[in-house]
Amino acid sequence: MLGSITPLGERARRQRWWVTMAFFGLGSVGGGLALGVLPALVGSSLDLDSTVALWALAGLVVVGLALDLGLGGLRLPTLRRQVDEEWLGRYRGWVYGLGFGAQLGVGLATIVTLSATYAAIAAAFLSGSLVAGLAIGAAFGAGRWAGALVGGLVRRPEQLARLARLLRRLDAPSRRLALAAEACVALVLVGLAAA
C-alpha cells in the first residue's frame with residue numbers, strides 16, 4: 001500500500017496525494033482514538049491500583065516481546081488480512097485514504113506484526129482513564145499515519161524503486177530497533193512499578 005499511495009500513484013489515478021493523505025491521517029487518528037477509548041472505558045469501570053496496573057502492563061509487554069521473538073515456537077496472534085487495494089481504482093482518494101487510515105489506525109483490522117499494538121490496547125485499558133486512552137490511541141494512530149507519509153517523496157518511477165529497496169534494507173534493522181524499544185519499555189514499567 002505504501003508504494004501505491006504516493007504523489008506518483010495518485011497523479012496516475014487523477015487524485016491529489018495531499019487530499020488522500022489528509023483523509024488517511026484523519027482515518028488513522030480516528031481509528032487510533034477508537035483503539036484507545038474503548039479499552040479505556042472498560043478499564044475505567046475497574047478500580048485498579050496504579051502499581052498493579054504497571055506490573056500487569058510490564059508483564060504483558062514482556063510476554064509480547066517473547067512472542068515477537070518467537071520464543072518457545074510461539075507466535076503473535078494476528079489476522080491474515082491487508083487493506084483492499086482494489087479500492088484504489090474503485091473510489092476517490094479521500095474515500096480510500098479515510099478507509100485505509102481507519103483500518104491501520106485501529107490496529108487490529110490488518111496484520112499485526114509486533115505486540116506493540118496489543119500493548120497499546122492493554123495500556124489504554126490499564127490506564128483506567130478516558131483521557132489517557134484517547135492520548136494512547138491518538139499517538140498510535142498518528143504513528144501509523146506518519147509511516148505512510150514517507151510515500152510523499154515519490155514523484156518518479158525510479159524514486160519508487162529506490163524507496164522499495166530502502167524499505168527492504170531497513171526491514172530487519174527497524175524490527176530489531178522496535179524489539180529493543182519494547183524491552184526498554186518493559187524495563188521502565190518495571191522500574192516505575194517497583195518505585
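R14 is found in the loop between helix 1 (7-12) and helix 2. Helices here are DSSP runs of H or I with at least four residues, strands are runs of E with at least two, and both are numbered from the N terminus. R14 is exposed, at 78% relative accessible area. The phi of R14 is positive, near 60°, and R14 is not a glycine. Most residues other than glycine have a negative phi.

The model is predicted, so local features need pLDDT of at least 70 and side-chain atom pairs count only at pLDDT 80 or more, while totals for chains, interfaces and linings use all residues. Residues are numbered from 1 along each chain as its sequence is written, and side-chain values use heavy atoms, leaving out hydrogens and water.

Now step back to the whole chain. The protein chain has 8 helices and 0 strands. Its pattern along the sequence reads α-α-α-α-α-α-α-α. The radius of gyration is 18 Å, close to the 16 Å that the globule rule gives for 195 residues, so the chain is as compact as a globular protein of that length. That radius is taken over C-alpha atoms, and the rule is 2.2 Å times the number of residues to the power 0.38. Along the principal axes, the C-alpha trace spans about 55 × 35 × 25 Å.

Of the 195 residues, 35% count as buried. The chain exposes about 10800 Å², and carbon and sulfur atoms supply 69% of that area. Such areas come from the Shrake-Rupley method with a 1.4 Å probe; for residues, only the protein chains shown count as cover. Contacts reach along the sequence too. Among contacts between residues at least 6 apart in sequence, 79% join residues at least 24 apart. Contact means heavy atoms within 4.5 Å.

V37 is found in helix 2. V37 is buried, with a relative accessible area of 19%. Leaving aside neighbours within four places in sequence, V37 is in contact with L130, G133 and L134. The C-alpha atoms of V37 and A132 are separated by 8.5 Å, though these residues are 95 apart along the chain.

At 0% relative accessibility, G137 counts as buried. G137 touches G32, L33 and G36, not counting residues up to four places away in sequence. V95 is 42 residues from G137 along the chain, and their C-alpha atoms are separated by 22 Å.

W145 is also found in helix 7. W145 is partly exposed, at 28% relative accessible area. With residues up to four places away in sequence not counted, W145 touches M21, F24, G25 and S28. W145 and G27 are 118 residues apart in sequence, yet 8.8 Å apart in space, C-alpha to C-alpha.

Helix 5 (residues 93-105) comes next. Its 13 residues should span 18 Å at 1.5 Å a residue; the end C-alpha atoms are 17 Å apart, which agrees. The expected span is 1.5 Å times one less than the number of residues. Buried residues in helix 5 include G93, Y96, G97, G99 and F100. Their cover includes helix 1, helix 2, helix 4 (87-90) and helix 7.

Q103 is found in helix 5. Q103 counts as buried, at 10% relative accessibility. Beyond its neighbours within four places in sequence, Q103 is in contact with R81, V83, W87, A109 and T110. Just after helix 5, G107 takes a positive phi of about 80°.

Finish at helix 6 (residues 116-127). At 1.5 Å a residue, its 12 residues should span 16 Å; the end C-alpha atoms are 16 Å apart, which agrees. The buried residues of helix 6 are T117, A120, I121, A122, A123, A124 and L126. Helix 6 is followed by G128, whose phi is positive, near 65°.

Notes:
Buried means under 20% relative accessible area, exposed over 50%, partly exposed in between (1.4 Å probe, protein chains only).
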